[in-house]
Amino acid sequence: MQAWQFTEVGKALTRNEIPVPEAGSGEIVIEVRAAGLCHSDVGFLDGTLTALLPFRPITLGHEIAGVVAATGPGAARFAVGDRVAVPAAIEGPGTSSNGGFQPKVAVREDLVIPLPEGIAWDQAAAATDAGLTSYHAMVVQGRVSAGTKVGVIGFGGLGSLGAQVALAEGAEVYVAEKNEKVHAFARELGVAEVAKDITAFADEGLDVVVDFAGFGTTTAAAVETVRRDGRVVQVGLGVSEGTVNLQTLTLNQVTLIGSQAGSAEDCRAVLDLVAAGKVTSRITRIGFDDIADGIGRLERGEVIGRLVAVVE
């Protein structure tokens with residue numbers, strides 16, 4: 001079968017012929033119906049995240065949804081034909097083993113979760129990474145619940161999902177996004193207000209600010225804007241380092257906490273929200289033949305929301 005594989009830094013994904021995988025002990029084979037493309041995939045190709053990959057060539061694609069095609073010895077949780085999803089994880093496919101940019105993929109059964117009926121394949125794939133990351137930032141790290149006043153910095157693929165999660169939890173949401181083209185979409189979701197900078201909401205008494213952008217200045221602005229005893233959750237890594245006002249952080253007793261990825265439980269929770277119609281990713285669908293081109297589009301910043309390769 002054909003697979004889109006990473007071979008070396010600075011080189012585009014290569015389409016290679018590889019053997020069809022078999023299910024080993026404790027594994028299942030999934031027939032891939034949708035595989036999301038992620039900025040992490042760009043990081044693998046440009047060298048930023050290459051150290052995470054244990055071997056090469058390796059098939060990328062860590063956002064996977066599909067149907068169980070085979071089960072190996074000792075794998076008893078799923079049966080052939082079950083709809084499943086694979087929450088993104090360092091130890092999972094696309095990072096530690098061959099991933100979903102190929103027709104079938106072998107996955108450790110303990111990394112797989114059931115996919116509720118009624119969820120489209122593309123929405124399921126996006127939920128395995130962007131969805132669980134946004135949910136984890138909002139609900140687990142941010143402790144957002146009904147009545148919480150939340151600021152969201154950055155309204156891209158992650159930020160828009162984070163806002164929807166917060167709204168589904170009953171929070172009041174304020175969005176800061178420099179790209180005014182997406183302001184209308186934010187308002188359509190039902191957020192309280194939209195502005196270009198989070199400091200516009202300094203008088204709102206925000207309990208939590210989640211920074212999905214991470215450009216240093218955004219984190220600093222979040223610390224200055226959140227209420228006394230509030231929380232700032234850092235998700236985005238637009239730059240590797242930033243500076244915050246330590247006096248404001250200390251005197252206002254602001255909690256600054258990082259948030260990275262999430263758990264299988266987070267993925268189950270966000271899939272339930274997707275099934276209930278409360279969370280929807282903005283998705284551009286492409287074919288599997290177009291995956292390498294799609295990675296290039298991501299690298300050039302041409303994608304709004306999430307890009308998902310779908311088997312039609």
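How many salt bridges does the count come to by the rule used here? The count comes to 11. A salt bridge is a side-chain nitrogen of Lys or Arg within 4 Å of a carboxyl oxygen of Asp or Glu.

Before you click, some ground rules. This is a predicted model, where local features need pLDDT of at least 70 and side-chain atom pairs count only at pLDDT 80 or more, while totals for chains, interfaces and linings use all residues. Residues are numbered from 1 along each chain as its sequence is written, and side-chain values use heavy atoms, with hydrogens and water left out.

**Stop 1: Glu204 and Lys149**

Select Glu204 and Lys149. They form a salt bridge, and their closest N and O atoms are 3.6 Å apart. Glu204 sits in the loop between strand S11 (193-195) and strand S12 (208-211), and Lys149 in strand S9 (residues 149-153), so the pair ties together parts 55 residues apart in sequence. Helices (H or I, at least four residues) and strands (E, at least two) are DSSP runs, numbered from the N terminus. Glu204 is partly exposed, at a relative accessible area of 23%. Buried means under 20% relative accessible area, exposed over 50%, and partly exposed in between (1.4 Å probe, protein chains only).

**Stop 2: Glu180 and Lys196**

Now select Glu180 and Lys196. Here the closest N and O atoms of the salt bridge are 3.7 Å apart. Glu180 is in the loop between strand S10 (172-176) and helix H4 (183-189), and Lys196 is in the loop between S11 and S12, so this pair ties together parts 16 residues apart in sequence. Is Glu180 buried or exposed? Glu180 counts as exposed, at 52% relative accessibility. Lys196 counts as partly exposed, at 45%.

**Stop 3: Asp207 and Arg227**

Pick Asp207 and Arg227 next. Their side chains meet in a salt bridge of 2.6 Å, N to O. Asp207 is in the loop between S11 and S12, and Arg227 is in the loop between helix H5 (217-225) and strand S13 (231-234). This pair links distant parts of the chain, 20 residues apart. Arg227 is partly exposed, at 33% relative accessibility.

**Stop 4: the cavity**

The structure holds 1 cavity of 30 Å³ or more. On a 1 Å grid over the protein atoms alone, a cavity is a set of points where a 1.4 Å probe fits but cannot get out; lining residues have an atom within 4 Å of a point. Select Gln123, Ala127, Gly131, Leu161, Val270, Val274, Val279 and Ser281 to see the lining of the largest cavity. Helix H2 (121-141) and helix H7 (264-275) each give two or more residues to this lining. H2 gives the most, with 3 residues. By class, the lining has 5 nonpolar, 3 polar and no charged residues. Ala, Val, Leu, Ile, Met, Phe, Trp, Tyr, Cys and Pro count as nonpolar, Asp, Glu, Lys and Arg as charged, and the others, Gly among them, as polar.

Note on methods. 1 Å grid on protein atoms, 1.4 Å probe; cavity = no way out; pocket = protein on both sides within 12 Å on 5 of 7 lines; lining within 4 Å. Points joined across faces, edges and corners; volume = space filled by probe spheres on them.
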